[in-house]
Amino acid sequence: MGLMTAGLTATLLLPARARAAGPDFGPCAGFIASAPARRRTWIRGEAPAGRPFRLDSPFRVASVSKMIAAAVIVPIAAALPGGLDADVSDRLGFRLRHPAWPETPIRLRHLLSHLSGLRNGPSYPVPAGRPLSSAFTPGGVQYDGGGWFGPAAFPPGARFSYADVNFAVLAQWAEQVTGQRFDQLMRERLLTPAGTEAGYNWSGVSQAARLRAAPGLRREGDAWVAQVDAEPPRAPRASLLAAPETPGLTDSDVRPGENGFVFSPQGGLRLSLQDMDRLARRFLSEKGAYEEMEATAWRLGPEGADNEGGVMLAYGLGVQVLTGLPGPAGDAFFGPDSADWRGHLGDAYGWMTGLFWNRRTGESLVWTLNGMPETDRPPGRRTALTAPEENLIAAGLRALGRKKGPG
């Protein structure tokens, strides 16, 4: 999930035994399956230079980042006048309206559930050094002729269109409200209290953790090519995509409330499987804090949707809600009780990730696999996922003592 932004590319010749681990899950893969009385882990593969892929190896988790961001943004919104139904423009720093619906507010709830009427524009993303408003204001350097807005036939709230830009807007709104940079806000309110070493675009991640980093890979002939994170910046620097007119810009130059894309709330969180498990357990332990996020805000209907090729059939506030529909077009990712599971998938730079929990049973499953191609992916036989994802989830469910896997 989530479109990819520019990243460092380098060719990595991994040891033969890493390649021999099999094409199923790529060069690095693993899961942590947890239940009230059980915790099982599985890991395999190597990162560059023979460095093992470990439970504490940080990587780019892709769109799971959205759900983690929502876990902080939703409580902030709920505590303010208007709550989640407030007009985002009231505290965004600029007026945001769909050109075809100038009198219809775009609400926080719309953004969190991808019902805002926004989409990723042709010049996605807005780089650091430019204001986010330049994508939404006529005459702005990245307005793209209104290309950041969806079809005029659908007002805000009417159609699900999964788009990273929603979370850039939310991150900027949160910065305007709190006066804190998004990366620091996330660290203070969730990532540090949960005991993680995680950080958005490497912000706040220690140098020791960065040395364990696993890059996102793709296969080119006999070599794995790093698409991102071959060499993370040295701590405490963050990784930023700067505008051409501000080539020397660093995170210390970034002021909160100007561009919510800067720290990639849509997909830039770096964390480990161990961190993912800690966050899953936190979601399970604090039901009241996340109850509204987990409720269904959208479900696929006759109007259709832009839903990532069908892997999303229902959605909450930053959270995927599974319906349990069986079959190759379905979302029964966890078997017969899939409708009890909540979480989010991620997909970028070769990483395929997932963080899900089942509040009824107290179980959680987090996973990642690397080296997935962008096209010609092996299709799943039992769900809308790919075959490697199905197989990895099935292994995790077996580790929890479940007899049935996806489908």
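At what angle do helix α2 and helix α4 pack? The model is predicted, so local features need pLDDT of at least 70 and side-chain atom pairs pLDDT 80 or more, while totals for chains, interfaces and linings use all residues. Residues are numbered from 1 along each chain, and side-chain values use heavy atoms, without hydrogens or water.

Helix α2 (residues 64–78) and helix α4 (residues 165–178) pack at about 40°, with axes 11 Å apart. On the α2 side, the contact (heavy atoms within 4.5 Å) includes Ala-69, Ile-73 and Ile-76, and on the α4 side it includes Phe-167, Leu-170 and Trp-173. By class, this contact has eleven nonpolar, one polar and one charged residues.

Helix α2 also meets helix α5 (residues 182–191): their axes come within 10 Å and cross at roughly 85°. These helices are therefore roughly perpendicular to each other. Ile-68, Ala-69, Ala-71, Val-72 and Ile-76 of α2 touch α5 residues, among them Phe-182, Leu-185 and Arg-189.

What of the space inside? A search of the whole structure finds two cavities of 30 Å³ or more (sets of points on a 1 Å grid where a 1.4 Å probe fits but cannot get out). The largest cavity holds about 40 Å³ of space. Asp-56, Pro-58, Glu-197, Ala-209, Arg-212, Ser-272 and Asp-275 line the largest cavity, each with an atom within 4 Å of a point. This lining has two nonpolar, one polar and four charged residues.

Definitions and conventions
Axes are lines fitted to C-alpha atoms, for helices over the stretch in contact, and angles run from 0 to 180 degrees between N-to-C directions. Helices (H or I, at least four residues) and strands (E, at least two) are DSSP runs, numbered from the N terminus. Ala, Val, Leu, Ile, Met, Phe, Trp, Tyr, Cys and Pro count as nonpolar, Asp, Glu, Lys and Arg as charged, and the others, Gly among them, as polar. Angles under 35 degrees count as roughly parallel, over 145 as roughly antiparallel, 65 to 115 as roughly perpendicular and the rest as oblique. On a 1 Å grid over the protein atoms alone, a cavity is a set of points where a 1.4 Å probe fits but cannot get out, and a pocket is an open set with protein on both sides within 12 Å along at least five of seven lines; lining residues have an atom within 4 Å of a point. Grid points are joined across faces, edges and corners, and a volume is the space filled by probe spheres set on the points.
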